Amino acid sequence: MSARFLYPMQFSLESLAAIATIAGPVITVLGLLQSHTWLVLISMSFVGLAIVGGLYARRERRAINAASIVIEGHSIDSLNIANLRRRVNRTFVIQEAHHMARISGEDLEITWRYSGYCRAKRESAMEFSIDSQAGTPFAKLDCVAFDLGHDRDMTHAIRPVLIGTEGLSKKISVPFLEPLRANQSFSLLLKCTLPGCMTTGFNYYTSTLSFAQDRVPRCTVQLVFLGTTPSWVRVYESSLHHAAELVKTLAPSRQEPGRSEYLDVVENREGQSARVYTFFRDSV
């Protein structure tokens, strides 16, 4: 879905809201002058329509802005598509998030771990969004998860389930070994391998959060490069409140022949945000 398809709806709603804003007071004055109650009621309906239309148009504008991320002249397509389909998770409160991306040649292996507690009366699964440039089919992702709250030794592998359609951004569901109850703590680990999705030159990895909470107390993102060390690694961040902007340039936290690591630790990260890690490699 392209962002441009949203513009006709946005334009019509804003136009309708403007018309309603003008017509409402005019009809109200006429109704008061002529003492017609029905005219006053119609005017109130116009004002209500103007408010609803304005709020909806504002939400659509924010969605369009979030879904048009361009960094260093490159469109971040997987994130743009994901933003259009983004669903905010209102079931869990995340206290700590850890994302790791292991890049070896053209292959990307991601490991995500979330810890927190359940805010719903009962929850049996957690959803994830897998975003990549290559659009690797779900069957080739080799995804496996572990419910560390019920299986600390990781002896019971969990196979995620695809939700919806394939594409650059996929929604998957990871069931817990046992359903969670209200206020019950949890820790969930997900691993996926995305073969052939990395190239030479400019590339990126995205770390997204989509939880209905103002802040996640602690979030760490670790990038591990095997083979070629990138010329540079830069961090950009975007959220509902601001467009993508450069945050920092990362220096290696550890480096040895054939392996380089970069670590980004974020305290009180916004609950609905995306950090884009761009890098450049001469070869894979």
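Student: Why is cysteine 197 called buried?

Tutor: Buried means under 20% relative accessible area, exposed means over 50%, and partly exposed is in between, using a 1.4 Å probe and the protein chains only. Cysteine 197 has 5%, so it falls under the 20% limit. Before we go on: this is a predicted model, where local features need pLDDT of at least 70 and side-chain atom pairs count only at pLDDT 80 or more, while totals for chains, interfaces and linings use all residues. Residues are numbered from 1 along each chain as its sequence is written, and side-chain values use heavy atoms, leaving out hydrogens and water.

Student: What makes cysteine 143 and cysteine 192 a disulfide?

Tutor: A pair of cysteine sulfur atoms within 2.5 Å counts as one. Here the S to S distance is 2.1 Å, so the pair qualifies. The structure holds 1 disulfide, and this link is right-handed, with 115° about the S-S bond.

Student: Why do you say the pair ties together parts that are apart in sequence?

Tutor: Cysteine 143 is in the loop between β5 (122-131) and β6, while cysteine 192 is in strand β9 (residues 185-194), so the linked parts are 49 residues apart in sequence. Both ends are buried too: cysteine 143 has a relative accessible area of 7%, and cysteine 192 has 1%.

Student: How do you know that aspartate 147 is in a strand?

Tutor: Strands are DSSP runs of E with at least two residues, helices are runs of H or I with at least four, and both are numbered from the N terminus. Aspartate 147 sits in strand β6, which covers residues 144-147. The protein chain has 3 helices and 14 strands.

Student: What makes Leu188 a contact of aspartate 147?

Tutor: Contact means heavy atoms within 4.5 Å. Aspartate 147 touches Leu188, and among its other partners are Ile158 and Phe176, with residues up to four places away in sequence not counted. The C-alpha atoms of aspartate 147 and leucine 188 are 4.9 Å apart, although 41 residues separate them along the chain.

Student: Why is glutamine 213 called buried?

Tutor: Its relative accessible area is 13%, so it's also under 20%. Glutamine 213 belongs to strand β10 (residues 201-226).

Student: How confident is the predictor, and where is confidence lowest?

Tutor: pLDDT is its confidence in each residue, from 0 to 100. The chain averages 81. Helix α1 (residues 7-34) is lowest at a mean of 51, and β6 is highest at 98. Over residues 1-13 the pLDDT is below 50.
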